[in-house]
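Look at the structure below and keep the sequence beside it.

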Amino acid sequence: MPRPLVPDAVQIGRVGELLAEAIFEEAGYKCCRVNHTGFDLLVFAEDEPIRLEVKAASRAYAKSYKFATATGSKAKKLLSPDDCDIVCMVALDLRRCVVRDVMELKHKRTSLGTAHFLDGPSEAAQIRRAIDKYRSRKC
């Protein structure tokens, strides 16, 4: 049975944040939602705070989920380590996410096919990989 669409952009973002928080918590990470420019959650990996930006899409368009992986209201710029450390892209209708190190983003708009959410590594494995990439570039 298909899930009802979330109609409002603010509500889409909030639901995405709640799902991302639940997925990170289920994977064993403590989280704290914050009201901060550039990131939505603080995730604690072995007491180290990691800034997480959540992007959400209510449904796929032409078998692809589209995410605005940029910041700024008028002049958009690609998300960077100045903004956040990790990005979590949430497909609300699937209740699944894809997690990436922010440096893996290449475009201001990121499109991911349904297979990225359903056939890829587990969310817990994606989280570990993104945290490892973040830590390796920090050194």
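A search of the whole structure finds zero disulfides, a disulfide being a pair of cysteine sulfur atoms within 2.5 Å. This is a predicted model, in which local features need pLDDT of at least 70 and side-chain atom pairs count only at pLDDT 80 or more, while totals for chains, interfaces and linings use all residues. Residues are numbered from 1 along each chain as its sequence is written, and side-chain values use heavy atoms, leaving out hydrogens and water.

Cys 97 is in no disulfide either, and the nearest cysteine sulfur, that of Cys 88, lies 3.6 Å away. Cys 97 is buried, with a relative accessible area of 0%.

Now find helix H1, residues 9-26. Helices (H or I, at least four residues) and strands (E, at least two) are DSSP runs, numbered from the N terminus. H1 has 18 residues and reaches 26 Å from its first C-alpha to its last, close to the 26 Å expected at 1.5 Å a residue; the expected span is 1.5 Å times one less than the number of residues.

Among the buried residues of H1 are Ile 12, Gly 16, Leu 19 and Ile 23. The cover over the buried residues of H1 includes strand S1 (30-36) and helix H3 (123-138). After H1 comes Gly 28, with a positive phi near 100 degrees.

How values were computed:
Buried means under 20% relative accessible area, exposed over 50%, partly exposed in between (1.4 Å probe, protein chains only). Contact means heavy atoms within 4.5 Å.
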